[in-house]
Amino acid sequence: MRMYDVIERKRDGYELTDEEIDFFVTGYVNGSIPDYQASALCMAIFFQGMTARETARLTMDMMHSGDVVDLSPIPGIKVDKHSTGGVGDKTTLAVVPIVASCGVPVAKMSGRGLGHTGGTLDKLESIPGLSVDISRDDFFDIVKTCGCAVVGQTGNLVPADKRLYALRDVTATVNSVPLIASSIMSKKLAAGCDAIVLDVKCGSGAFMKTYDDAVKLAQAMVAIGEEVGRTTVALISDMDQPLGAKVGNTLEVIEACQVLRREAPVDITETCIELAANMLTLAGKGTLEACRTLARTQIANGAAFEKLCQMVEAQGGDTSVLYDYMRFDQATHTRQVRAPRSGFVYAMQTERVGTASAALGAGRETIDADIDFSAGIDLARKTGDAVAAGDVLATLFSSSEKRLDEGERILLSAYDIRDERPAPHRHFLARVDASGVELLG
Ligand code: URA
């Protein structure tokens, strides 16, 4: 077989055979297919798309390009959760302990942040002493004894995606539904779970800017999951404004604790309950409605917060910060950003809020750059809120005065304040599963 012919067939709109897809993935990983041919194929896929069968085959080949975690030594149905990336998305930190406190084990591998979105591992590492670099054996032991753990990748998972994603990033081929779906699902499947809840974001802070594109991506991922026998559900959620009030590593850990202690804003709390309920129902804990009630009960009776503390302790973290937030390292500089005019917050450019937080020191510009855990933004006003000129829109935190100037400039550009009040926003827009798309709200 020749890679030239595979590229040509996809370019001309033909459906690739299983053998052609296997040939590509194997050859790309072992180095016999060079980057220029792989990028030509990605571009052909970008324009021609892939059928559900092709996408499933690509996903399975990528999944098997490295280690596949076997979670069977951990008893019970293991449900994983994945978000396609958002601003202020600290849901994993609250959802994992809610679910585990209901007796459903969660063995979760998470990622780091890059660009305008934060990563769960960075957030967790803002807890003094906590380690996310845990051996496979210790990871399993923690899940067995405590019920949950959130760690970095253990082993060589999906090397095909590592290479291909880096290539797509520099060849303008990231934004293709089959390529995103196979990239995300190969990693989820290699991590070994039995069922998956996906949070597919759409809007100004997301990969998928429109609802229709988000639904297409969700459907592609649900189809892959079902094809390989893992029940998969996707919630489509709005990223036209940040999730919750806090953006930044320590700040997001604090807000996750607030969710579990009933001190957080309604949007983030309800989002966590909905995600947890979907995971619980896939784990066989009852109907979605019964699982919502279960999740609320575990927050109200303190069991979910207790579970978070147990997990943090098992991973070596100092739990005292979770009870007394002033024990976290504090930012040396703060600044209040004020509304330039009166009116309503009509819209927010979510990506700019993430960029402002990164400019304050909360994000990385390169993969191995250091981050300032205490840096970030506490939003006092979000979309729909009334403001008077001079009201505080947000408080910025940083360890550098200079960074505050840049953060303030970018954050102000994220706010669109007008005379008219915007239509109310719903956070979850739809739920996609094997039976179809259900509109929510
Ligand atoms: N996230 C991934 O893991 N892969 C993509 O292709 C896009 C987002």
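**Exercise 1.** Sort the residues of the shell around the ligand into nonpolar, polar and charged.

*Solution.* In this predicted model, the ligand is surrounded by Y165, R168, I180, S183, I184, K187 and F207, where a residue counts if one of its heavy atoms lies within 4 Å. Ala, Val, Leu, Ile, Met, Phe, Trp, Tyr, Cys and Pro are nonpolar, Asp, Glu, Lys and Arg are charged, and the others, Gly among them, are polar. The division is 4 nonpolar, 1 polar and 2 charged.

Residues are numbered from 1 along each chain as its sequence is written. Local features need pLDDT of at least 70 and side-chain atom pairs pLDDT 80 or more, while totals for chains, interfaces and linings use all residues; side-chain values use heavy atoms, without hydrogens and water.

**Exercise 2.** Find the polar contacts (N or O atoms within 3.5 Å) that R168, S183 and K187 make with the ligand.

*Solution.* Start with R168: an N or O atom of its side chain is 2.9 Å from a ligand oxygen. For K187, a polar side-chain atom lies 2.5 Å from a ligand oxygen.

**Exercise 3.** Classify the ring pair of F305 and Y323.

*Solution.* Rings of Phe, Tyr and Trp (its six-membered ring) pair if their centres lie within 6.5 Å; planes under 30 degrees apart are stacked, over 60 edge-to-face, the rest tilted. Here the centres are 5.3 Å apart and the planes at 85 degrees, so F305 and Y323 are edge-to-face.

How values were computed:
Polar contact = N/O pair within 3.5 Å; in protein donor to acceptor, adjacent residues only side chain to side chain.
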